[in-house]
Amino acid sequence: MLLTSHALDMVTLRSFEGLTAEVEAETICGILDSNDIPAMVVGAAQYPALGFEVKVPRGKVKEAEELILEAEESGPEAAAEAEAESEK
């Protein structure tokens, strides 16, 4: 699928605040990256109170949301199983 310039604009997919905000954002970003969806974490570790955002191209938002929902429904057990399988 060819994405137009507008579809490549980075938009916020999720926002996180609190002590685990950076870890949560990096986890989501990792899930997206490993499924070939470009993603980036925006935030400053020096100022965690400002929060962190995960941004993706506008044209990939729907696909990214579906992937995150699937990962959340699968739970941590599925993530551990997938990681173990990838290490074989």
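View 1. The model is predicted: local features need pLDDT of at least 70, side-chain atom pairs count only at pLDDT 80 or more, and totals for chains, interfaces and linings use all residues. Residues are numbered from 1 along each chain as its sequence is written, and side-chain values use heavy atoms, with hydrogens and water left out. The side chains of Glu-65 and Arg-14 form a salt bridge at 3.4 Å, N to O (a side-chain nitrogen of Lys or Arg within 4 Å of a carboxyl oxygen of Asp or Glu). Glu-65 lies in helix H3 and Arg-14 in strand S1, so the pair ties together parts 51 residues apart in sequence (helices, H or I, at least four residues, and strands, E, at least two, are DSSP runs numbered from the N terminus).

**View 2. The network of Arg-14, Glu-65 and Glu-72.** Salt bridges link these three residues. In the pair of Glu-72 and Arg-14, the closest N and O atoms are 3.0 Å apart. Arg-14 is partly exposed at 21%, as is Glu-72 at 46% relative accessibility.

**View 3. Lys-55 and Glu-53.** The closest N and O atoms of this salt bridge are 3.5 Å apart. Lys-55 counts as buried, at 19% relative accessibility, whereas Glu-53 is partly exposed at 27%.

**View 4. Surroundings of Val-56.** Val-56 touches residues including Met-10, Leu-13, Leu-32, Ile-37 and Ala-64, leaving aside those up to four places away in sequence (contact means heavy atoms within 4.5 Å).

How values were computed
Buried < 20%, exposed > 50% of the residue type's maximum accessible area, 1.4 Å probe, protein only.
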